[in-house]
Amino acid sequence: MSAGLQLPPTAPGARLLGTGSFRPERVVTNEDLAKRVDTDDAWIRSRVGIAERRVADADTSLPDMAVAAGRAALTDAGLDPSDVDAVIVATCTMPNPIPNAAAQVADRLGAGGVAAFDVNTACAGFCYGLGVANDMIRSGTARHVLVIGAEKLSDWIDWDDRSTCIIFADAAGAAVVGAAAEDEVGIGPVAWGSAGDHATTIRILGESTNKLHQEGQTVFRWATGEIAPVALDAIARAGLEPADIDVLIPHQANLRIVEAIAKRLRAKGAREDLVVADDIVTTGNTSSASIPVALDHMRAAGRVRSGDTMLLVGFGAGLSYAGQVVVCP
Ligand code: UT7
């Protein structure tokens, strides 16, 4: 016989309440890398779109960066750490499998004791975390969820491998998610999935060098072919048309991939004046951090405004992908 289980009150919709980001101080230019590996500024700019990136010092940890970004997002949202019910850290570059990042980040923020867990879907991680946070708010599991994408990729890069050391960088970005007003939906349904048949195309394998390897061309073809349909799916799930999107913030993997996704969306009706994130130029590819960092920078620069309809789409190792339409806080 049923014991009469009960569920908490639900919220009709969730929305972003604030954003924050952190980049390490140290700038590494293309010229700096050309002193170590056989590359040059022109090749990197034309093939990847990066002019410079940030690399954390040895004494700056991944949780350090996550805490800084999380604190900034809470301040932006006008909330105290005690208002947070759950912390999700999307990351694939913690120094060890345990402990996770989220519990110590929650504790250091002053939100100790709350639900805290990491999500490892690499460069899709922030959108995965946002999808979970959205469902937590709507189901009544939490009132406020802090979602952070944080990576210290420099720990896992072979600095003598010119095909990867020029791309990846360190950063953290964060967003606070909470309930939307009664008749408002601020976060659309997530479109997500995986391509585990390509699992080895981006890998860090302990039994070899313990460094990141990437089959660049294969991943490039997958990203330029398969991610625009995911973005279109996210738009359709939100009940919108491509022309409704004001801002496109894809994972900042490679500027050519970003532009290819934008081109395919415009071919499907997205506007010519669609604002497209290009944060990779000065931030590099920061995996799960790239989308929230780009969003935070674009808000600060006035490139996006409160109320704008934004399409986020992450993709990368796993292979994994996720995207959703969100309203700018
Ligand atoms: O964030 C997670 C998901 N990751 C991605 O989405 C990354 C997807 N892949 C890419 O973005 C690109 O494939 C890369 C940026 C990794 C590489 O660019 P590419 O245009 O695909 O170059 P490639 O690997 O086809 O290499 C072309 C040539 C090769 O020389 P040969 O064999 O043609 O003589 C490479 O050895 O460029 C050479 N090369 C370089 N040359 C100068 C590779 N790296 C460099 C370099 N500088 N840093």
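The model is predicted, so local features need pLDDT of at least 70 and side-chain atom pairs count only at pLDDT 80 or more, while totals for chains, interfaces and linings use all residues. Residues are numbered from 1 along each chain as its sequence is written, and side-chain values use heavy atoms, leaving out hydrogens and water.

Let's start with the whole chain. Its secondary structure comprises 10 helices and 14 strands; these are DSSP runs numbered from the N terminus, with helices (H or I) of at least four residues and strands (E) of at least two. The radius of gyration, taken over C-alpha atoms, is compared with a rule of 2.2 Å times the number of residues to the power 0.38. For 329 residues a compact globule would come near 20 Å, and the chain's 19 Å agrees with that.

| Property of the chain | Value |
|---|---|
| Radius of gyration | 19 Å |

How much of the chain is buried? Buried residues, those under 20% relative accessible area (1.4 Å probe, protein chains only), make up 53% of the 329 residues.

Now for the inside. A nonpolar core is a set of buried Ala, Val, Leu, Ile, Met, Phe, Trp, Tyr and Cys residues joined through side-chain atoms within 4.5 Å. The largest one has 43 residues, and W222, L248, L311 and F315 touch the most other members. Two or more residues come from each of α7 (216-237), α8 (255-267) and β13 (309-316), with α7 giving the largest share, 8 residues.

Notes. Buried means under 20% relative accessible area, exposed over 50%, partly exposed in between (1.4 Å probe, protein chains only).
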